[in-house]
Amino acid sequence: MMRDDYLNEIIHRGNELAMLEQAALTFPKKTSPVRWIVAAACSVLISLIPSVCSAQAFFQMI
């Protein structure tokens, strides 16, 4: 019984991976530079959040 559940879960994950691979193949290969710029800007902003929070805490202590 436990073995059947495990094998069913493996088959389920395999189907999910196949669907993800299918979606990746249908995704357009060319992406606009605007998307890259927006993604880079968002990643820079997200990486700065801990610095801003710690600076705010530091200035509150002063």
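Colleague: Which side chains meet in a salt bridge with a distance of 3.0 Å, N to O?
Modeller: In this predicted model, the side chains of E16 and R13 meet in a salt bridge at 3.0 Å, N to O. The term denotes a side-chain nitrogen of Lys or Arg within 4 Å of a carboxyl oxygen of Asp or Glu.
Colleague: Where do E16 and R13 lie?
Modeller: Both lie in helix α1, 3 residues apart, about one turn of the helix. Helices (H or I, at least four residues) and strands (E, at least two) are DSSP runs, numbered from the N terminus.
Colleague: Changing topic, which residues make the nonpolar surface patch?
Modeller: F58, F59, M61 and I62 make a patch of about 540 Å². Patch residues have over 30% relative accessible area and no salt bridge; like charges are joined within 9 Å, nonpolar side chains (Val, Leu, Ile, Met, Phe, Trp, Tyr) within 5 Å. Areas come from the Shrake-Rupley method with a 1.4 Å probe; for residues, only the protein chains shown count as cover.
Colleague: Where does F58 lie?
Modeller: F58 lies in helix α2, residues 33-61.
Colleague: What conventions apply?
Modeller: Residues are numbered from 1 along each chain as its sequence is written, and side-chain values use heavy atoms, leaving out hydrogens and water. Local features need pLDDT of at least 70, side-chain atom pairs count only at pLDDT 80 or more, and totals for chains, interfaces and linings use all residues.
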